[in-house]
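Please follow the strand pairings, the aromatic contacts and the pockets of the model shown below, in that order.

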Amino acid sequence: MNWSDAIAYLSPTARVSLSALHSRLIAKGTVMFRAGDAANGFVIVVSGRIDVFLTGPTGREILLYSVEPGQSCVQTTLGLMGDEPYGGEGITATDAQVVLIPKPLFLHLMDQDAAFRRFVLQAFARRMHDMTRLLERVAFGKIDSRLAAALLDLNKEGRVVATQADLAVRIGSAREVVTRQLDAFARQGWVRTERGEVDLCDVEALRHLASALV
């Protein structure tokens, strides 16, 4: 997605306002916001991915959602429209090309441009649906099914490049629990673990297990 494509559906007036904004490249691992920060603009991801985490009182993290091209950050939307501070932390998971719409312009477009307002609210609704599904998985899904689903989501040609700590954050569990579950998968011949990587040896078995979450 490029910036001109992203704003093509808006009114001519909105396109003129937004076309003056320029994208910038944000390096992987950059902290975009922290808990307690105020939202100062609406980020449009042109390429790459931003991961949003929630950290509990014990320091354990959970991945709330990822923001990719065409998606929105629900915490930013709440911050801009409701003056709520961020409750989590956003970090670029890859190098990311982003455009920041300043808060005054964002609020003006929400008031004046129906297409922009529809995009923001539809993206917000999809994100809330995703977060509800995450809550259901964490509250009611078994660890093995959640881990199988995470491995399938991250699968790239039969390999997952992620540490066990990363996987624990993604499914809202502890690293030690993920280690035990991966060992169980390995004993069944479903995966083979290496440092920072997991090879998927039986994708169908993992898919069957992950289906229990649906």
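Gly-41 has Pro-102 in S7 as its bridge partner. This pair belongs to the contact between S3 and S7, which run antiparallel and are joined by six bridges; two strands count as paired if DSSP finds at least two bridges between them. The model is a predicted one, in which local features need pLDDT of at least 70, side-chain atom pairs count only at pLDDT 80 or more, and totals for chains, interfaces and linings use all residues. Residues are numbered from 1 along each chain as its sequence is written, and side-chain values use heavy atoms, with hydrogens and water left out.

The structure holds five aromatic pairs, where rings of Phe, Tyr and Trp (its six-membered ring) pair if their centres lie within 6.5 Å, and planes under 30 degrees apart count as stacked, over 60 as edge-to-face and the rest as tilted. The pair of Phe-42 and Phe-106 is stacked, because the ring centres are 5.0 Å apart and the planes stand at 20°. Phe-42 is buried, with a relative accessible area of 1%, and Phe-106 counts as buried at 0%; buried means under 20% relative accessible area, exposed over 50% and partly exposed in between, with a 1.4 Å probe and protein chains only. Phe-42 forms an edge-to-face pair with Phe-116 as well, at 6.5 Å centre to centre and 70° between the planes. Because Phe-42 lies in strand S3 and Phe-116 in helix H5, this pair ties together parts that are 74 residues apart in sequence.

Turning to the pockets, a pocket is an open set of points on a 1 Å grid over the protein atoms alone, where a 1.4 Å probe fits, with protein on both sides within 12 Å along at least five of seven lines, and its lining residues have an atom within 4 Å of a point. The largest pocket holds about 1200 Å³ of space, a volume being the space filled by probe spheres set on the grid points, which are joined across faces, edges and corners. Of its 36 lining residues, Asp-51, Leu-63, Ser-66, Leu-154 and Arg-170 are the closest to the centre. Helix H5 gives the most to this lining, with seven residues. By class the lining of the largest pocket has 17 nonpolar, five polar and 14 charged residues, where Ala, Val, Leu, Ile, Met, Phe, Trp, Tyr, Cys and Pro count as nonpolar, Asp, Glu, Lys and Arg as charged, and the others, Gly among them, as polar.

The second largest pocket holds about 350 Å³ of space. Its lining comprises 23 residues, with Met-32, Phe-33, Val-43, Tyr-86 and Leu-100 nearest the centre, and S3 gives the most to that lining, with four residues.

Terms used. Helices (H or I, at least four residues) and strands (E, at least two) are DSSP runs, numbered from the N terminus.
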